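Could you walk me through this model in the viewer, one selection at a time? I would like to know what to click on next and what is there.

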Amino acid sequence: MAAGEPGALGGYYFRFLPQRPFQSLSSQESTSRLRQWSMLGRIKAQAFGFDQTFQAYRKDDFVMAFFKDPNVIPNLKLLSDSSGQWITLGTEVKKIEAINVPCTLLSMSFFNRLYDEDIVRDNGHIVKCLDSFCDPFLISDELRKVLLVEDSEKYEVFSQSDRDEFLFCLFKHLCLGGALCQYEDVLSPYLETTKLIYKDLVSVRKHPQTKKIQITSSVFKVTAYDSVGMCYPSRKSHEQTFSYFIVDPIKRHVHVLYHCYGVGEMS
């Protein structure tokens with residue numbers, strides 16, 4: 001099909017942007033942290049460009065067109081359940097789900113309440129608690145408790161709308177990590193890495209009139225299904241297996257942040 005002709009689905013054409021670096025995942029510091037959290041080698045960001053105006057209300061058409069695109073199919077990476085190797089999606093997507101993820105926060109001060117509520121001490125140390133399980137996660141500190149245990153007394157420190165925010169989702173994913181995650185004793189590595197990844201993926205601009213910084217990206221949590229069932233981000237569902245599509249409507253870029261829960265690279 002010639003480049004000028006409209007695509008079969010909603011007129012979107014995509015192109016893979018392999019040169020786009022994601023320093024937030026590849027820097028030496030991030031690499032060593034992701035290794036400690038058992039996510040290294042299982043988390044990846046990829047960039048694609050597209051050629052039409054993005055309209056958020058047509059997100060389902062956009063995501064479906066993405067999975068059907070001949071430039072996406074050989075380039076979009078996911079982890080094989082059986083081999084643990086990076087593969088491409090060798091199956092035809094029949095159905096997608098794209099859930100809106102609010103993305104409005106511009107400051108890490110959102111997390112200051114962790115200090116105010118004695119979840120983290122003033123010196124940055126995370127307050128420990130008696131071990132318990134919130135399957136499959138071990139809870140050994142107040143931070144994991146506030147992230148996971150809905151009937152714990154401090155759970156409402158973050159409202160449901162706080163928890164829906166992309167910044168919170170990223171933070172929670174990093175805190176919970178992979179299958180052999182070694183938890184941090186202090187908060188700062190989680191906050192720093194969350195901030196780096198968020199800034200790397202999300203686009204902002206200065207509003208021409210008000211001069212206020214505003215986020216221009218739309219974020220979706222994406223699942224795809226083939227004739228058998230769920231096929232992306234994985235055939236197995238897990239709270240820590242996810243794919244977020246972060247769409248920049250101005251640059252016409254989509255960043256895909258992917259992670260598949262399991263045992264990360266050790267050495």
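Here is a short tour, from the cores to the cysteines.

This is a predicted model, in which local features need pLDDT of at least 70 and side-chain atom pairs count only at pLDDT 80 or more, while totals for chains, interfaces and linings use all residues. Residues are numbered from 1 along each chain as its sequence is written, and side-chain values use heavy atoms, with hydrogens and water left out.

**Stop 1: the largest core.** Select F111, L114, L143, F166, F171 and L257, which touch the most other members of the 53-residue largest nonpolar core. Such a core is a set of buried Ala, Val, Leu, Ile, Met, Phe, Trp, Tyr and Cys residues joined through side-chain atoms within 4.5 Å. Buried means under 20% relative accessible area, exposed over 50%, and partly exposed in between (1.4 Å probe, protein chains only). Now colour the elements that give two or more residues to this core: β2 (43-50), β7, α5 (142-148), α7 (166-176), α8 (188-201) and β12 (242-248). Of these, α7 gives the most, with 9 residues. Helices (H or I, at least four residues) and strands (E, at least two) are DSSP runs, numbered from the N terminus.

**Stop 2: around L143.** Centre on L143 and show its contacts (heavy atoms within 4.5 Å). Leaving aside residues up to four places away in sequence, L143 touches L114, I119, I126, F171, C175, L187 and Y190.

**Stop 3: a hairpin.** Select residues 128-134 (β6) and 137-141 (β7), which pair in the antiparallel sense over 4 bridges; two strands pair if DSSP finds at least two bridges between them. The hairpin joins β6 to β7 through 2 residues. Find C134, whose bridge partner in β7 is F137.

**Stop 4: the cysteines.** How many disulfides are there? The count is 0, where a disulfide is a pair of cysteine sulfur atoms within 2.5 Å. C129 counts as buried, at 18% relative accessibility. Next, C169 has its closest cysteine sulfur in C103, 9.8 Å away, again too far for a bond. C169 is buried too, at 15%.

**Last stop: charges over rings.** Show R20, whose charged end sits over the ring of F22, 4.2 Å from its centre. Then go to K95, which lies over the face of Y225 at 4.6 Å from the ring centre. The rule asks for NZ of Lys or CZ of Arg within 6 Å of the ring centre and within 35 degrees of the ring normal.
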